Amino acid sequence: MSHLPVLIPITLLLSAFLIPLAGYVKRDFAFAIASVGAFLAFAFSLAGLLMVLSQGEIRYHLGGWAPPIGIEYVLDALSAFMAAVVTLIGLVVLIYSRRSVLHEVPLRVVPLYALAMLLLAGLVGIIVTGDLFNLFVFLEISSLSAYALMAIGDDRAPVASFRYLILGSIAGSFYVLGVGFLYFSTGSLNMADVAQRLPALYQSRAVAAAAIFIFIALGLKMALFPLHLWLPDVYTYAPSAVTALIAPIMTKVSAYVLIRMLLTVFQPAYLRDLLPMTSIIGWLAAAGVLYGSVMAIAQNDFRRMLAYSSISQIGYIGIGIGLANPLGLIGALLHILNHAFMKACLFLVAGSIRFRTGRWKVSSFAGLGRKMPWTMAAFTVSALSMVGIPPAAGFFSKWYLLLGSIDAGNWFLVAVILASSLLTAVYFIRVLEQIYASHANEESAPMKASDPPPSMLLPTLLLGAGLLILGLFNSAIVTHILNIVVLPLHRPGS
Amino acid sequence: MTHAAEMYFSFTPLLAVLVSPAAAILILLSSQKPNLRETWTVIAAVCKFALVSSMVAPVLAGQYPAITLFDIAPGISLALKADPLGVSFALSASLLWIFTSFYSIGYMRALAEHSQTRYFASFAICLSATMGIALAANLLTFLIFYEILTIATYPLVIHKETAEAISAGRKYLAFLLVAGGALLLAVAVTLMAAGTLNFAAGGYLSPAMGRGPLLGLFILFLVGVGAKAGLMPLHSWLPSAMVAPTPVSALLHAVAVVKAGVFGFARIVGYVFGPSLTADIGGATLVGVLAGATIVVASLLAMAQDNLKRRLAYSTIGHLSYIILGTVLLTPVGWLGGLFHITTHAAMKITLFFCAGAIYAKTGRENISEMDGIGKQMPLTMAAFTVGALGLAGLPPVGGFLSKWFLAQGTLASGHPLLLAVLLLSGLLNAGYFFPIVVRAYFRPSKHFERFDEALPSMLIPLLLTAAFAVLLGIYPDGIFHFYSLSAEAALGVVARGAP
């Protein structure tokens, strides 16, 4: 039996504990350990993904205890895919972070890296675990480290983080309540086991209550409209590197849990066909897509604009989940990947601008196109990808979502997806105009700036180039990975 | 078509697309060395044209070079195929790019323009996207290049970086991105309904979808390509975009970008819906009315413009609808006229824009009312202008006469004498808005333009050559590049199958 499923979170967890010790000796060790840990975790995830694709899912029994008594870790196409995405983005952002962290919060380097690894460990744990309660534990690990990470930063960061802490705790309690209901209905906490026992209990009110609690909890964690209120402040005031780490992956992992619930635990037969849960998610997501885009247009703070843009993009993922048909979910999963790349790239760009100029207001970006040509090239690619211009990756997630909406005959969602592309274009074109076609004004007095050092520039460019590669070769990902994931969604006989 | 067309594997279509992005990279890398930078543009233009023209002979022999790269979405490949329709468009765009390259270099240097690297790089990408549009073998490949073209043109529209240019850029994107959305939706619906996106001469959509939904889909496509094609009421971005440097207006806003719209329309009518379905669902009538109205209204609006480039822009809007009209006549001769007009209009309009740019670069004048007597200073330029104007009014021996002749036959063959009246009226209106310029230039006295002083040779020679090309198309339409045969072949390939 392969140990891969457990190796991924353990590696990250171990490095989280090593960092304070080594960092006590020398501050720079913290960064080194974090990078190595993240790299190993990514390598394990990638190996796991390849093994899953060639040999089928890997199940690991923690401590040798067989489920449903023991805790089980599962790498299947979905979890292996997500683990690879999360660890890859984590790795790239960590490599970038060194200079940015030293620049912005030089006194908190060691705790920051320890917490970042703890966060990644929690997120990866959520992904690989096959146990509902173990998931709660990892959810809390990731949340607590996220609160602390976000509180590092400028004066307003602790307050923003505190708000998130309150909402996050509510989400945590709701989740555990839901799991409690499930436990006393089915007598099990193992996902596969619960899934087997549930169909007999589909009429039970307790199961319906469990579903509702769990979904509210996950909606909060993934900032699904109207449960998004915590997000903009947190993304705005945290250190650049922290935002770049949290924004692309954390909300996505909650979306992953939602998909896991839909596919594995409750199954489509319940959430799609019996309770109208998925369609409610779809409608809320559609509202979020429009709300996020409109709010993003109104922002002058670049980071805040990106934060609202996240709310809108999470809506896309929600739309895919809401459609609950194969094409729609392929769109959602592909968007998890694509948006992780895009948002990471955009926040790295934001970090680089702050690193070189100390600015974050869009109106003060005039002339950056000439000063930081490579950074702005990466920005342009991710902006075009966000708008959905082919062949950048963002186009293709929209393409599958669009096909899924047409397949479902839901023309309202079709209209939302298309309209949101245009709204996204509005707020990104405005930035592009500033960067490339505006001349210095009072706000942007002539400044000396250049592309950041290679340790920051290369990760940014890697993500930008990645967007084109992911776009051109999305078909391989869809055919080999996502098509397997969405199999449970095919309706019998269709 | 007398022989069945066969496809054979070839890298040429791919290379024709990839030459200019490669050049764009080299251009960006040589931003500090203007002469080297401009060399890349010229080399790329010549290579591109050589590649495209090497495909003419096999295509006319019924052998279509094609290449299928990889799946860009499950079951849909990124694929290029050079058929007569595609090659004729690619050929005229790449031929005129050579002239435009030399002209651009002269123009940009004469005016000491800023950001020339960005300009030449964007230009190269635009041409690449145009080739991709022309040679796309399926709708998704078409859509990808279509959107790339939209974006790559944007930096050229806002080139001046003035408030006016930026607002023109916003207007441009507003129209074109909305249209792109409509096109995306249309492509997605087509895929869900028909299960394939591969172009097929004579169309592949089945009437089983129902008349109403098919008409809806047709309208989505129409919006998608109509905006680029300047079809009213989606035209108003084009006159605003004239704020771009003149070579951009010349090649992109008279040839590549706007023709990508009409070309796309021809693809959709001929290779997705097919002539008979287009007629059955009422699409032909709808577009016939819109195009007819566009022709007349645009010509009238052109008369009201004092700014020369804006007048040319409205004239372009009218002439683009000639081509659209030819397509929806759904007769072989109508198609022939429309497709041949893609090339003839390109040659004539690019000449006129080159003239406008030469005048601007030399004298700084943009308004027709300030050009009295300019024929004395720039007689060669104005002679070329006259040739273009005669052609657009449909007079022999310029190429415009021939395409219009075929179009007129097409209106009669399809039994729409009213459309013939529209064409004749438009010819008069064209004469009405172009000839006064010629008359002013040659016969009004002026104290400003006393002595002979033409623009730089790098601008003058291209415009004389394009004028000569326009005449050549009129007296020897098949020429050395077989533009006529390509159009005729494409027209027969589409309309012979499934004519209404």
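Predicted model: local features only at pLDDT ≥ 70, side-chain atom pairs only at ≥ 80, totals over all residues.

Let's begin with a single pair of residues. B:Met7 has B:Tyr64, a residue of S2(B), as its bridge partner. The strands concerned are S1(B) and strand S2 of chain B, residues 63-73; they run parallel and are joined by four bridges.

In chain B, three strands form an open sheet in the order S1-S2-S3, and the pairing is mixed. Strand S1 (6-9) and strand S3 (76-81) of chain B each have a single partner strand, so they stand at the edges, and one side of each is left without a neighbour in the sheet. If direction is ignored, neighbouring strands of this sheet are turned against each other by 45 degrees on average.

What packs on the sheet? Helix H6 of chain B, residues 139-157, does, and this helix touches S2 and S3 of chain B. The direction of H6 makes about 75 degrees with that of S3(B).

To sum up the picture around S2 of chain B: this strand is joined to S1(B) by four bridges, it sits between S1 and S3 in the strand order, and it is touched by helix H6 of chain B.

Key:
Residues numbered from 1 in each chain as written. Chains lettered and ligands numbered in written order. Pairing = 2+ DSSP bridges. Helix = DSSP H or I, 4+ residues; strand = E, 2+ residues; numbered from the N terminus. Axes fitted to C-alpha atoms, helices over the stretch in contact; angles between N-to-C directions. Contact = placed C-beta atoms within 7 Å.
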